[in-house]
Amino acid sequence: MKQVVTFGEIMMRLSPPLNYRFAQTQNLEITYGGGDANVGASLAGLGVPAAHVTCFPANDFGHAAAQQFRALGVNMDATVYEGDRLGLYFLEVGAGMRPSKVVYDRANSAFAHLDPAKFNWDEILKNAGWLHWTGITPAISATTAEATRQAIAAARRLGITVSADVNYRRNLWQYGQTAQSVMAELVAGCDIVVCSENDAEDLFDIVPEPGTDNKFVSVARQVMARFPQIKQVVTTRRKTHSASHNGLKGIFYDGQQFLETVTYDINPIVDRIGGGDAFMAGFIYGSLAYNNPQQALTFGVAASALKHTIHGDINLVTVAEVEEIMKGNTSGRLLR
């Protein structure tokens, strides 16, 4: 397999142990993660060559974050070290009827102030077969949006598959440009997008056609008509029974066929952060390993379901473990 390259911010995650609340904990556990980087690290664990591109401050925290991803098998050679601080986020893990809570402290991070000229995308992508980004990256600043645009343009010149999780985060778009004006140009360069009906309405003003039986297919068809480069639209459906108990399935449309998976019952949830990234990593792996979109979709959802059982942002699973879930082996029976 050729290399999959991801691009985006990596933050330090600080979280109370177990299900403690911020107000009662005296300790915070440190790990590192970011939507795009989580995809790369998960792919590396599945045996796919993966590289991540980012900007870190040249301090102990920046080097520690890079080292964690290197230890997971991710190539970090294109990292730029400049700027003053690493972005942070704080996670309080909920339980039962109490939802989890995230507090961000990422303003003025090194990544937000990166210089697009520091990234030679033709060189970075020379061994790549796939580029993945999320809508979080261009939402951070005008410079991260420009770097994303340049990465996509280079990938198109080189004939590389481009995917995006459009991942609309309303509160991130604070630098004077709207998501609607920026994202349309970027998504136009994609082959595959993760895009729900809500994302399509928020970003592209696309809504299901009146009287349609399948709202997702209606929206996906319109997205593909507006952006002809897109060949596949995928997303997940989550049923939230409680903070500790969810159901999850995947859906897919490629202009000809609508596919869906079984619903995986996830109970109890250990950590749902990174579940969407695990889905995308699994779908990318499945697309590369199988010549079958149904298998790719099922692999993605099974991988995401497993991620909900693992602490941290990154899906630390093997191909064999995911394939066991795909076979229906979900009892969690002790292996000796």
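What follows is a short chat about helix contacts and one annotated span.

Reply: Ground rules: the model is predicted, with local features needing pLDDT of at least 70, side-chain atom pairs counting only at pLDDT 80 or more, and totals for chains, interfaces and linings using all residues. Numbering starts from 1 along each chain as its sequence is written, and side-chain values use heavy atoms, leaving out hydrogens and water.

Me: How are α10 and α11 oriented to each other?

Reply: Helices here are DSSP runs (H or I, at least four residues), numbered from the N terminus. The axes, lines fitted to C-alpha atoms over the stretch in contact, have angles from 0 to 180 degrees between N-to-C directions. For α10 (residues 293–307) and α11 (residues 319–326), the axes come within 9 Å and cross at roughly 105°. Since 65 to 115 degrees counts as such, the pair is therefore roughly perpendicular.

Me: Which α11 residues make that contact?

Reply: Contact means heavy atoms within 4.5 Å. On the α10 side you have Q295, T298, F299, A302, A303 and L306. Across from them in α11 sit V319, E321, V322, E323, I325 and M326.

Me: What about α9 and α10, how far apart are their axes?

Reply: α9 covers residues 275–289, and its angle to α10 is about 145°. Residues of α9 that meet α10 include G275, F279 and F283. The axes are 7 Å apart.

Me: Which domain does UniProt list for residues 1–315?

Reply: That span is 34% helix and 24% strand, and its end C-alpha atoms lie 20 Å apart. The unreviewed UniProt entry names it "domain: Carbohydrate kinase PfkB".

Conventions:
Helices (H or I, at least four residues) and strands (E, at least two) are DSSP runs, numbered from the N terminus. Angles under 35 degrees count as roughly parallel, over 145 as roughly antiparallel, 65 to 115 as roughly perpendicular and the rest as oblique. UniProt positions are given in the numbering used here, feature names are shortened, and annotations may be inferred rather than shown by experiment.
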